Structures are given as C-alpha cells and as structure tokens.
Amino acid sequence: MNESTLQPSPPVSMRTVLFTCIAMLAFAGNSILCRLALKNTEIDAASFSLIRLISGALGLWLLLALRQRGNRSTGSWSGALSLSIYVVAFTFAYIQLDTGVGALLLFGSVQLGMLTYGIYRGERLGPLAVAGLLLALAGLVLLLLPGASAPPAGSAALMIISGLAWSAYSLLGRGAADPLALTAANFRRSLPITLVLCLPFLGELRLDGWGAFYAVLSGVLASGVGYAIWYSALRGLNAVQASTVQLSVPIIATFAGVALLSEPLSLRIVAASVAVLGGIGLVLRRKTP
C-alpha cells in the first residue's frame, strides 16, 4: 500500500456524472425488460440470456464498424466469463424472485464485492462517504425488506452469484482505453461460454415474439451500449463510488414499474428514494483534507 493510494479522491467530473446516470438507467432497463419477458411472455430464461448476449454482440459489432476508428480490443476471457455468469444467473434468479428482493440481493452483493476490493486496494472512506453509504443502504432496506417474503434459497444464491460476477466485470473494465471495443470483444467471447452454461436447458427452450423483442432491447441498448458507457464512467470513479452509485438502480426500477406496470407509489418508496440518492450524493461529493 503506497501513500498515493490513501489520498482523497478527486472530484467527479460532469462527464463522469452524465455517463454514470445513463449507465444506471440502462441497468434498470435490464431489470424491467427481464421482468416483462419472464412474467408476461412465454420465453424461457435460457433463450432470453442467449438472445440478449447475441443481439448485444451484433449491435456492438455494428457500432464498431460504423465508427471505423479506435482500438480493436480482443477483450479477455475473465471479462467474458464474469459477463456470462452475471447474465445467466440474473435471468434464472428472476424466475422465482420478487423484483425488489432480487435487486436487493444483486446490488448488495455488488456492494460487497467492490467495497472489499476497494478496501484491499487501500481506498479509504471519509466521514461523509461512510454516512452516505449507510444512508443509501438504509434507504434500500426501507424500500425492499418490509414487504418482501423470504426468497427461495436457490434463486437467492443465483442472484448473489450474479452480483459478484457483475462486480468483477466492472472492476476488470476500469481504465479501459476503448470501452466500446472492449465491451464488444467481451460480448463476442461470452457467447460460447453462455451456450455451455445453458446446455442443460436447451431441451426446454421456448421462443416468444415479444419475449425475444425484450431480449434484443436488453442486449443491444441496455446491455451492449449501456455497459460500454459504464466502462467509460468507471474511469472517473473509484471502487467505493462505483459500488455505491449502483444502489440507485433498484430505485429507478421501482419508479419504472410505477410508470410502466401501474405499480403503486407509496410514501415509503419516496422516502427510500430520497435516502438512496442523497447517500449517493454524499459518497460522490469531493472530500476535503
């Protein structure tokens, strides 16, 4: 551990804030699209996972072809493996989990993974950051725990695995020289891995027009483009900031459910949203010596 590692983090730029906001909207979009597909259509989890990654890989390939410049990253098998595990575990977990319980398990495990890495690397939490992290976690507990039934153990374990895989994928992408090229390469590499993970379920595939449409939207926009933007945002965030800001996703998904699925908006949801977003603001705020 060196002295520079322990210096306070620099202020977060407006570019990083913008990219982070877009990425969080994309992450919430994945939850909404997956829920719509598995709840309201006949598509199965394996088909959704495969279509999501295949369409994401094709969309990113097209964007690179149109750009015609920049690096031609080959990605990494570690990045592809973490991406495949995240997508498959996420989708299968949501077959039985409530949306709120799943989001709590997913982003709680993301927090654990990225905070553990940040502490291992010597990142310190100032008083405001500690207060912000606790406030954001309290907001999630207020929103998600009281009305949630006990989740099935197997599905809960899958969502925790998904969250840890996503934290690994995020950390592997920090400092990417060309986020779009790296994301495209990781998507290409993830296809054979995902096929292997889904092999036991190939006899149960059920395709559905609307389900496939939701999977394509999730793959091309919310996943492919969204992850490339997230890799760009990660250049300006440390591990603690990157983990905490993702706590906004369950809040965004909740309000999307209100707008798109006519779910009720209660005072509890409003209070939790204020706590989570306020906590994130404290974590991202510039620290003073």
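Select Ser-248 and Val-245: a polar atom of the Ser-248 side chain lies 2.8 Å from the backbone oxygen of Val-245. This is a predicted model, in which local features need pLDDT of at least 70 and side-chain atom pairs count only at pLDDT 80 or more, while totals for chains, interfaces and linings use all residues. Residues are numbered from 1 along each chain as its sequence is written, and side-chain values use heavy atoms, with hydrogens and water left out.

Stay on Ser-248, which is found in helix H10 (residues 248-261); helices are DSSP runs of H or I with at least four residues, numbered from the N terminus. Ser-248 is buried, at a relative accessible area of 5% (buried means under 20%, with a 1.4 Å probe and protein chains only). Now show Met-24, Val-276, Leu-277 and Ile-280: leaving aside neighbours within four places in sequence, these are in contact with Ser-248 (heavy atoms within 4.5 Å).

Next, select Trp-230. Not counting residues up to four places away in sequence, Trp-230 touches residues including Met-24, Phe-27, Trp-166 and Val-245. Trp-230 and Tyr-86 have the most contacts inside the largest nonpolar core, which has 65 residues. Such a core is a set of buried Ala, Val, Leu, Ile, Met, Phe, Trp, Tyr and Cys residues joined through side-chain atoms within 4.5 Å.

Then colour H1, which gives the most to this core, with 10 residues. Finish at Ala-45, Ala-46, Leu-50 and Phe-92, which are included in a second, separate core of 6 residues.

Notes. Helices (H or I, at least four residues) and strands (E, at least two) are DSSP runs, numbered from the N terminus. Buried means under 20% relative accessible area, exposed over 50%, partly exposed in between (1.4 Å probe, protein chains only). A polar contact is a pair of N or O atoms within 3.5 Å; within protein, one must be able to donate a hydrogen and the other to accept it, and residues adjacent in sequence count only if both atoms are side-chain atoms.
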